[in-house]
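Student: I am new to this structure and would like a close look at a single part, the open sheet and the core around it. Please set out the whole first, then that part.

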Amino acid sequence: MPIIAMTQEAGSHGKEVAQLVAEKLGLQLVCHRVFEQHVADKLHEDRSLVHRFLQGKPGLLERWKTDHGALSAYTAEQIFEIATHGNVLMRGWGATYLLRPVAHVLCVRICAPIAHRLKVLMERLGTGEDEARAIVAANDAARATTMIALAPGERDDASDYDLILNGARVPVTECAAEIVRLVGEPEFQETVESRSRLAALHREAQVRAALRADTATSGVGSFVKVITDPHDGRIALEGAVQTYDQKRDTERVVAGLSWVSSVENRLHVLGL
């Protein structure tokens, strides 16, 4: 059940590499459109709003409607949901960051020097250098926005990836071959421990998304620690909230999830 998480720079041939790998391994290929639509559905907004937000082009009203907290919660929920089914290659949207703790996930980055990226985009789109630079800037801004939402203060470090390939020097076919070879290595095979880790992360993401979606608890998610048991539906909540109402509502929302069997509410009310 291979899982590959990939990030790539516009004009680095990452899209072509992802398509070839998916074809060779028979994987579902998931890209930004799926995640944008999921977040838009959760926000009850049009997908174009989410797309503009990621491109750094929202108006003032859109900034009020779409925030990093919602983007983070709903993106994580969708990525872990897809990952639990396996046989997938996810391209973009912070999948590499979110899935790093799962040992059998292969995290890949495809990059290239800016001059090469511009040349590729100009040839592919038949456009000028200014337009190509705008596309590169928009792509980089979208990736930065997603990372800020998912991991405020974190840096995108080379050590976070299992494999980094330079699309300007390594041909698409060779990039794909190396990814296919590596994903078949023993280090990236599922184990009981890695499946349990993924299941726990998935359930935590579901809890945080549910808290975000409920008007009474939309602001408490970042202050609540969620402890899940991947083998049953027991949940423990730790951390702090402002009021007794928030403590009660947090438990109500979590208990309402279909797979939750019990909730141990250890939340502390601030000031008491």
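**The open sheet and its core**

With 272 residues, a compact globule would have a radius of gyration near 19 Å, and the protein agrees with this at 20 Å; the radius is taken over C-alpha atoms, and the globule rule is 2.2 Å times the number of residues to the power 0.38. This is a predicted model, in which local features need pLDDT of at least 70 and side-chain atom pairs count only at pLDDT 80 or more, while totals for chains, interfaces and linings use all residues. Residues are numbered from 1 along each chain as its sequence is written, and side-chain values use heavy atoms, with hydrogens and water left out.

Along the principal axes, the C-alpha atoms fill a box of roughly 60 × 50 × 30 Å. Of the 272 residues, 48% count as buried, that is, under 20% relative accessible area with a 1.4 Å probe, protein chains only. The protein has 11 helices and 9 strands; these are DSSP runs numbered from the N terminus, helices being H or I of at least four residues and strands E of at least two.

Now the sheet. Its 5 strands are in the order E2-E3-E1-E4-E5, with parallel pairing, and the sheet is open. Two strands pair if DSSP finds at least two bridges between them. Strand E2 (28-30) and strand E5 (163-166) are the edge strands, each pairing on one side only. From one strand to the next, the twist averages 20 degrees, where axes are lines fitted to C-alpha atoms and angles run from 0 to 180 degrees between N-to-C directions. Strand E1 (residues 3-8) runs parallel to strand E4 (residues 105-111), and 6 bridges join them. Gln8 has Ile110 in E4 as its bridge partner.

A nonpolar core is a set of buried Ala, Val, Leu, Ile, Met, Phe, Trp, Tyr and Cys residues joined through side-chain atoms within 4.5 Å. The largest one has 33 residues, and Ile3, Phe80, Met90 and Leu99 have the most contacts inside it. Leaving out residues up to four places away in sequence, Leu99 touches several residues, among them Ile3, Ala5, Phe80, Met90 and Val105; contact means heavy atoms within 4.5 Å. Apart from this core lies another, of 20 residues, including Ile4, Ile179, Leu182 and Phe188.

Terms used:
Buried means under 20% relative accessible area, exposed over 50%, partly exposed in between (1.4 Å probe, protein chains only).
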